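Student: I'd like a close look at a single part of this one. Could you pick a spot in the packing and walk me through what surrounds it?

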Amino acid sequence: MGLKSSLLKLRKYWVAGKISARDSSSNHATIFSNCCGIAVTLITLFSVYHFAFAARPSIQGVTLSMALWSIGMYTVYWSTGVRNIYRDIALDVKNGSVEGILNKPVDYIVLSVCKRLGRQTWVCISTLTISATILFLMAGAPPVGFSFIWLIEFLSLGFFGFLLSLISFSLIGITSFWLDDPEPVMWIFDKSVMILGGSIVPVVFFPDWLKLLATWLPMGAMISFARAFTNDFATQFPTLLLSQLIWCVVMLSLAIFSWQRAKKILSIYGG
Amino acid sequence: MIAEFNVAHIIWLTNLRAAMEFRVAFVMQIVGMMINDCAFLALWILFFQIMGNVNGWGGQQIFALLGMNLMCYGFAFGFAGGSLWMPRYVEQGTFDSFLLSPRNLYIRTIASHFDLAGLGDAILGVILIIVYAVMTGSALSLVWFAALLPATTILFLSVSVICSTAAFYLPDSNHTMMAMFKTFMNPAVYPSALFPKVARFVFIFIIPSLTVGGLPVEAVMSHSFLTLGLVWLIAAIWLLISIAVFYGSVRRYESGNFVGLRG
């Protein structure tokens, strides 16, 4: 009975996500233009690396293929659109629609997350397809010895990284209850993710102090699955996973605490 | 035309004063954007530290490239951010008020919005260009940048207007417009010397990303009047295209019967 009621509770979020996915699927122009944007960015960036590696087979023991696959993983993370959750929450707070949703028997944050993931489904699928095609064409097969253990490690880092992103960006969205506009907070956080996640320069090239920050700060931990394409991944894995787990707990606690406080300071003006 | 720019000037001042009313948000937006932009600088400096100079480009050129891009972006959207807001105007029906205005529709629309963060971009852009001039010991390069800036800003605005006209053809076009504009903007922050020949042609003439970033820097580095002329020519052509596309698209606009007042 308990399980059944829990499943029924979850069903409404699933339905909300499904409706958002169906709604966004009709916007072909957005899907197409997103694909073009990703393709142009990846081809440009990969061309730069082809140029840089032209006269040498490897730099600091890293091959061109390793570098491109690591950068490609940042694109995978970016295409999930998980970072836009903060904007949805901030917009609801700004225009006051959060008040209406809070009166409904749903958890507002979970609902926002599900709606965003639904809205992003088709864009994500299409950009992933484009990214994977460009990656295979320009970087060749992934430079790893595939094994069941490697796959489990890669997927677990991907899962917890995704979870950490969901929580962190929701937390930034919640700050809009206190700040007029959380955009500046987001800019700084987002650009830290861009640097520590290895968007243009893969983490493997970083100096030791920056590598340490990329490992132990949440902005880097979100995309640590990109490091699965380097030689020292097996030895790094436990540290990377531990960092993700710690930050998941910390961020979740912060998000729950902030959300409780936010609900208390919410002023309802009616309308 | 001078009267049109006078009106635009009044709108800018009004918007600036309105933005300055919330002082904390005002400072946060400008400083936040400057810190945000420094991320690109840090990344490219790191890139060139690892890779060394690639095809004649290194850390110095990145200062010039980002400086140019930021100034373009800052001046274009700081003072004429209305181009990016056009999809919202069309969707909400507030575009009616621009149509009813006796002023020039093109200028009135693009000057309608003041992007505060753009001011942060512009300030950092100017700082980076000055740093570049100090590093290279060439005060003349400042004159070159000043000669190129109006052209690249016009080009930036023209492309954003063309992308925004998607609002007249597609429903819910804001995301589409942003994705189209990012397709143009992303290659602009990459060193132009690293593009193969075909890609260079595409990104100079068809999607003019390099014309706002890499090409002006090349013109400054080589003091090439030919490149300077080319940048101005491309900007003029894109401006004409954007005016034609804009007025052609406006014909498709259907009023939403929105009633309201605008300042």
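Tutor: Leaving out its neighbours within four places in sequence, B:Leu155 is in contact with B:Pro208, B:Thr211, B:Val212, B:Ile234, B:Ala235 and B:Trp238. Keep in mind that this is a predicted model. B:Leu155 also stands out in the largest nonpolar core: of its 148 residues, A:Leu68 and B:Leu155 touch the most other members. Helix α3 of chain B, residues 59-80, provides the largest share of that core, with 15 residues. As background, nonpolar side chains tend to be buried together in soluble globular proteins.

Now zoom out to the helix pair. B:Leu155 is among the α8(B) residues that meet α13(B), and B:Ile234, B:Ala235 and B:Trp238 are among those on the α13(B) side. Helix α8 of chain B covers residues 140-164 and α13 of chain B covers 225-250; they pack with their axes 8 Å apart, at an angle of about 30°. That angle is under the 35 degrees used as the cut-off, so α8(B) and α13(B) count as roughly parallel to each other. Their crossing is left-handed. From α8(B), the contact also includes B:Ala147, B:Leu148, B:Ala151 and B:Ile162, while α13(B) brings in, among others, B:Leu228, B:Trp232, B:Val245 and B:Phe246. Sorted by class, the residues of this contact are 18 nonpolar, 3 polar and no charged.

B:His223 isn't a glycine, yet its phi is positive, at about 50°. For context, most residues other than glycine have a negative phi. B:His223 has 12 C-beta neighbours inside 10 Å, so it counts as exposed. Chain A has a case of its own: A:Gln60, also not a glycine, has a positive phi of about 50°. A:Gln60 is in the loop between β1 (58-59) and β2 (62-63) of chain A, and it is exposed, with 7 other C-beta atoms within 10 Å.

Last, the place where the chains meet: 26 residues of chain A are in contact with 33 residues of chain B. On the chain A side, α2 (28-52) and α8 (183-196) each supply at least two residues, and α2(A) gives the most, with 13. That side has 15 nonpolar, 8 polar and 3 charged residues. Within α2 of chain A you'll find A:Ile43, which counts as partly exposed because it has 15 C-beta neighbours inside 10 Å.

Conventions:
Residues numbered from 1 in each chain as written. Chains lettered and ligands numbered in written order. Predicted model: local features only at pLDDT ≥ 70, side-chain atom pairs only at ≥ 80, totals over all residues. Contact = placed C-beta atoms within 7 Å. Helix = DSSP H or I, 4+ residues; strand = E, 2+ residues; numbered from the N terminus. Nonpolar A, V, L, I, M, F, W, Y, C, P; charged D, E, K, R; others polar. Buried ≥ 20, exposed ≤ 12 C-beta atoms within 10 Å, placed from the backbone. Axes fitted to C-alpha atoms, helices over the stretch in contact; angles between N-to-C directions. Parallel < 35°, antiparallel > 145°, perpendicular 65-115°, else oblique. Left-handed = near helix turned anticlockwise from the far one by under 90°. Core = buried A, V, L, I, M, F, W, Y, C linked by C-beta atoms within 7 Å.
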